[in-house]
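Q: Hi! I'd like to chat through the charged side chains in this protein. Could you have a look with me?

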Amino acid sequence: MLVDDDDLVRNSLAMILQTDPVIKVVSTCQNGDIAFKELQKGLVVDVIMMDIRMPICDGVEATRRIMELYPKMKIIILTTFDDDEYLLNGLKYGAKGYLLKNTNPDKIMESIKVVNSGSVLIQGDVSPRLVKMLKGDSDSFLDSYDLSSSERDIIKLISQGITNKEIADKLFLSEGTVKNKITQILNKLDLRDRTQIAIFYLKGGQ
């Protein structure tokens with residue numbers, strides 16, 4: 001589902017996404033309220049691309065409403081506004097990704113697939129600012145948990161929104177080992193999924 005109040009942006013993005021054989025645009029909406037009502041009617045959606053600044057119901061409020069009723073929904077915030085407050089609120093309410101509208105179309109399509117697979121995705125140039133804003137530069141809060149050095153590294157990399165394969169490549173581990181370590185991390189931190197790991201780290205363990 002594409003949610004954007006700009007007809008040109010919405011229609012252009014729909015045309016671009018439909019060129020990918022894996023992606024099907026099942027709905028386009030002008031604001032968050034329409035999107036919410038479409039879901040209530042029973043529309044089946046895997047991923048929502050959500051603009052931020054829209055009339056009637058903006059993207060942050062729409063994310064909050066949708067995630068309350070559909071906690072497994074995967075929402076990517078797509079906006080021209082590189083704004084820390086939107087970053088924080090979108091993730092707080094459950095968005096699984098954040099991309100700027102000037103992102104290359106191929107990267108947007110790739111991001112949809114990454115988020116649909118269960119990963120968190122935060123645009124690379126945004127991630128360091130978000131970490132600093134939420135938790136500062138210290139990782140000392142991790143000392144309270146029985147985490148190995150590799151588990152700590154994996155937590156940090158998950159917060160950057162990269163895939164298990166990319167983590168494996170960076171840490172010179174097999175993808176299976178990474179999956180096992182993520183399971184161990186979830187157990188140690190009493191968390192449910194990768195998204196919660198990312199938010200846990202970004203918020204400094206709060």
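Q: Great, let's start with arginine 64 and glutamate 68. How do their side chains meet?
A: They meet in a salt bridge, and the N to O distance between arginine 64 and glutamate 68 is 2.9 Å. Keep in mind that this is a predicted model.

Q: Where do those two residues sit relative to each other?
A: Arginine 64 and glutamate 68 are four residues apart in helix α3, so about one helical turn separates them.

Q: And glutamate 68, buried or exposed?
A: Glutamate 68 is exposed, because its relative accessible area of 57% is over the 50% cut-off. Arginine 64 counts as partly exposed, with 24% relative accessibility.

Q: Why would such side chains pair at all?
A: In general, side chains of opposite charge can pair when their charged atoms come close.

Q: OK, how many salt bridges does the structure hold?
A: The structure holds 13 salt bridges. One of them joins the side chains of lysine 165 and aspartate 169, at 3.3 Å from N to O.

Q: Which helix are lysine 165 and aspartate 169 in?
A: Both belong to helix α8, which covers residues 164-171, and they are four residues apart, about one turn of the helix. Aspartate 169 counts as partly exposed, at 48% relative accessibility.

Q: What about arginine 192, which residue does its side chain meet in a salt bridge?
A: That would be aspartate 193, with 3.6 Å from N to O. Arginine 192 is exposed, at 61% relative accessible area, while aspartate 193 is partly exposed, at 26%.

Q: Switching topic to aspartate 51, then. What does UniProt say about Asp51?
A: The unreviewed UniProt entry carries the annotation "modified residue: 4-aspartylphosphate" for Asp51.

Q: Which residues does aspartate 51 touch?
A: Leaving out residues up to four places away in sequence, aspartate 51 touches Val3, Asp4, Asp5, Gly59, Leu78, Thr79 and Lys101.

Key:
Residues numbered from 1 in each chain as written. Predicted model: local features only at pLDDT ≥ 70, side-chain atom pairs only at ≥ 80, totals over all residues. Heavy atoms only, no water. UniProt positions renumbered as here; feature names shortened; annotations may be inferred. Contact = heavy atoms within 4.5 Å. Salt bridge = Lys/Arg side-chain N within 4 Å of Asp/Glu carboxyl O. Buried < 20%, exposed > 50% of the residue type's maximum accessible area, 1.4 Å probe, protein only.
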